[in-house]
Amino acid sequence: MSKVIPIHKKGLKSDIENYRPIANLCSTSKLFEKLILKRILSIEKMNDVDITGKQQHGFKRNKSTTTLSLQIQSLVSRALDEDKHVLMASIDLSAAFDVVNIDLLLERLRIVGLPVDVVELVKVWLTNRSFYVELNDLNSVLHDINSGTIQGSILGPILYALYVAPLFDLTDLSNFADDNFILTFNENKIGAITEMESKLAIITKWLTDSGLKVNQSKTELCHFYRKDTPAVEINVNNTIIKSKDNMNVLGVIFDSKLTWAKHISTQINKSSRALHAIKLIRKYFNKNEILALLTSNFYSILFYNSEVWHLPTLKPPLKQLILSASANALKLSQSRPDAYESFINVHKSCNRALPEQFIVYKHAILLHKLYNNHQPQADWIDINVNQVFNSRNTKFRIIKNNTYMVGNNLLSSRLSILNDKIELNDLNLSLDSFKIKYKKILL
C-alpha cells in the first residue's frame with residue numbers, strides 16, 4: 001500500500017495537473033526490494049552482461065547524467081568536425097514509470113533470462129497493490145494499482161530499464177531512465193531529416209505498442225551544424241516538429257554550434273538565485289561556513305556537469321563571465337570586500353581554485369576515466385592514436401586532431417591541456433588516489 005502526498009509544483013493550486021504525486025512506501029518492503037535488486041545485479045555480474053543495455057545510463061553503477069551528456073557530446077562534436085549535419089530529438093513520455101504494463105514486463109523479464117524464482121517474487125510484489133491520497137490530514141478511499149513499476153520504489157528504475165531494453169535492439173538511442181535522445185548524422189540536411197523521421201517512427205510505434213504514452217507534440221528537435229543554417233522540420237506520424245537552436249540534455253544546454261554560451265548564462269543566473277539566498281543568512285555564519293555553503297549551494301549549480309561544457313577553448317568573454325561570477329560569490333565570505341580587488345586575488349585570499357585551474361583538474365579526472373573505462377569508445381581510440389610516446393617522456397602528451405573550431409569539443413583535443421602535467425604511471429592508480437594526488441598538484 002502506498003500513501004501518496006501531492007506536492008504543488010507551479011501554477012494555480014486549484015488545478016490538479018500542477019501537483020506532483022509523491023509516494024511513501026513501507027520501509028520493510030524496501031529492504032526486501034533491496035535484496036531482490038542485489039540478486040538481479042549479482043546475476044548480471046556473474047554472466048558479465050549489461051541486462052539493461054549499454055545505451056541506458058540511468059540508475060547504474062559508473063553511469064550518470066554526466067556519462068550520457070559526454071557520450072552525446074562526443075557523437076555530435078565528432079560529426080560536426082566531419083562537416084556533417086546532426087539532428088537530435090528528445091521524446092517526451094507521460095508518467096512512463098506509472099503506465100508500464102505489468103504482464104508485458106514480467107514476460108520481458110523471463111525473456112531476458114532472469115530465474116523463475118526472481119520473476120515470481122517481482123510478480124508478487126507488483127500485483128495486488130493499492131494507494132490512497134493524504135492531503136490536509138484527510139485521506140481518500142483506497143484505489144487499486146494495476147500498472148506501473150511503483151513510484152518511489154528501489155526496484156522501479158531497473159524494472160523500467162528492463163522493460164524498454166528491447167528497444168535498443170531496433171535502433172540507436174541514448175537513454176537516462178525515461179529520457180530518450182535520438183541522433184542522426186549525414187553530409188546533407190535532407191539525409192539527416194529522412195533518417196530521423198524513420199527512426200522516430202520506429203521508436204514511437206514501439207513505445208506505443210508497449211503501452212507507453214508518447215507526447216508527440218512535446219517532442220523536441222535540435223539541428224546542429226558548424227555554420228549558421230535555417231531551422232528544419234520533420235514529419236512524424238502527421239505531426240510537424242520544427243527544430244530549435246538548442247536543447248536541454250539533463251540540465252546541460254547544447255546549442256547548435258556547441259559554443260556553450262546559452263548554458264553558461266543560464267547556469268550563472270541559476271547560481272545567482274542561490275547566491276541571493278546565502279546573502280540573506282550570511283550574518284549567521286563565519287567565513288569557513290560561508291565558503292562551505294557556497295561550495296554546496298552555488299558552485300554545485302554553476303559547475304554542474306562542467307566536464308561537458310567547461311572547455312579550455314571557451315571564448316574569452318565566456319571565461320570572464322565564469323571568473324567574475326565565481327569571484328563575486330567568494331566576496332560573501334569577506335567581512336570587508338574590496339570592490340577593486342582583482343578576481344584572481346579574491347580566489348587566492350579565499351584559498352579557492354580559479355576556474356582555469358578547475359578546468360585542468362576536471363580534465364585530469366576525465367583522462368583517468370577514459371584511460372581505464374574506455375568510454376566514450378571513439379575518444380579512447382583517439383587518445384591511443386594521437387598520444388605521443390617516446391622512451392624519454394614519462395608524462396602524458398597528445399596531439400590535437402580536430403579539423404574545425406567546433407572540434408575543440410572532442411575530448412581527445414581538449415585533453416591537450418594536460419600535456420606534460422600527468423605522469424603516465426599515475427593513470428594506473430585508483431580513481432580516489434589519483435584525485436587526491438592531482439588535487440594537490442593542480443589546484
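Which residue caps the N-terminal end of H8?

## Basis of the model

This is a predicted model, in which local features need pLDDT of at least 70 and side-chain atom pairs count only at pLDDT 80 or more, while totals for chains, interfaces and linings use all residues. Residues are numbered from 1 along each chain as its sequence is written, and side-chain values use heavy atoms, with hydrogens and water left out.

## Helix H8

Asn286 caps the N-terminal end of H8, with a side-chain oxygen 3.2 Å from the backbone nitrogen of Asn288. Helix H8 covers residues 287-302 and has a kink of about 40 degrees centred on Thr295, the bend at a residue being the angle between axes fitted to the seven residues ending there and the seven starting there.

Ile290, Leu291, Leu293, Leu294, Phe298, Tyr299 and Leu302 of H8 are buried (under 20% relative accessible area, with exposed meaning over 50%, for a 1.4 Å probe and protein chains only). The buried residues of H8 pack against helix H7 (261-281), helix H9 (306-309) and helix H10 (316-330), where contact means heavy atoms within 4.5 Å.

## Helix H15

In H15, the buried residues are Phe434, Tyr438 and Leu442. Viewed down the axis of H15, these buried residues fall within an arc of 35 degrees, so they line one face of the helix; the arc is that of the directions from the helix axis to the C-beta atoms. They pack against helix H12 (355-373), whereas Asp432, Ile436 and Lys440 are exposed on the other side of H15.

## Cysteines

Cys222 is buried, with a relative accessible area of 0%, and Cys350 also counts as buried, at 3% relative accessibility.

Notes
Helix = DSSP H or I, 4+ residues; strand = E, 2+ residues; numbered from the N terminus. Polar contact = N/O pair within 3.5 Å; in protein donor to acceptor, adjacent residues only side chain to side chain.
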